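I opened this notebook to record a search for salt bridges. The sequence and structure are shown first, and my entries follow.

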Amino acid sequence: VFVCLFVCLEVIQLTLFMSIVEEIHMKLLRCAAFAVLDESREETVRPFEIANSYGLFRRMTGVGGRPEVSISGSNDSIHWIEYNFKYKTDNVDEMPAFCAPHQPRLDWQMWFAALGRVEHNLWLQVLAIRLLEGEPSVLALMGQQPPQLQTPPKYVQMNSWTYHYTNYGSKNWWNRTQDSGQYLIPVGLKTHSDVIKQINTHVIIIVVVFKESNGCQKNAQKFTYRAITC
């Protein structure tokens, strides 16, 4: 009897402790320093199967660095100028922007793209083509561009970066390091004309067959990636 009572009391105490910690955790969720503590706490109580982590995006990226993809344009494939976005993190000297309750579609999708690779994001290849064409509706989704990109560049490339906040007192908001390899190799309307024609064709095919066969969409996407990375 005493053993059962002791076990019950321990379970109650642990449950109350978890409830209190969870309440504190919700208040401190925006502080990245507590993300590691949260993961450690979860692993500690996981064998007891009395609590679960839950919620939309319960594991946020950025604790070990914020992944980002940059887009650059060039007229000689040597000197590159980065495109600016309205909200997405790009320039290291710019403060993070506030956009609530508005959710900018392009900037939001760029964050998702940074979590994967180009073969998982067919739309980014199409975005590169539209930038080479100087499509006004696409440029309207982006920020104010430098003078060198006021006219469409001959080449576009994409790189992967990892961003970290700087220390207090720094003149910049971010430090960034470039990841190995390129997210998207340099492409041009003339140098990759055949590939771009295939991509535009497959974009139309995907729109047509999407409702009929998801497999066709995947096959077209894989084919496009193989073509543009050759």
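Which side chain meets that of Arg117 in a salt bridge? I found that Glu119 is the partner of Arg117, at 2.6 Å from N to O. I counted a salt bridge where a side-chain nitrogen of Lys or Arg lies within 4 Å of a carboxyl oxygen of Asp or Glu.

I noted that the model is predicted, that local features need pLDDT of at least 70 and side-chain atom pairs pLDDT 80 or more, while totals for chains, interfaces and linings use all residues. Residues are numbered from 1 along each chain as its sequence is written, and side-chain values use heavy atoms, with hydrogens and water left out.

I then looked up the accessibility of Glu119, which is buried at a relative accessible area of 14%. Here buried means under 20% relative accessible area, exposed over 50%, and partly exposed in between (1.4 Å probe, protein chains only).

Arg66 is partly exposed at 29% relative accessibility, and Glu68 is buried at 2%.

I next examined Glu133 and Arg130, whose closest N and O atoms are 3.2 Å apart in a salt bridge. Both belong to helix 4 (residues 122-133), and because they are 3 residues apart, about one helical turn separates them. Helices are DSSP runs of H or I, at least four residues long, numbered from the N terminus. Glu133 is partly exposed at 40%, and Arg130 is partly exposed at 22%.

I lastly recorded a network in which salt bridges with shared partners join Arg66, Glu68 and Lys88.

Methods
Helix = DSSP H or I, 4+ residues; strand = E, 2+ residues; numbered from the N terminus.
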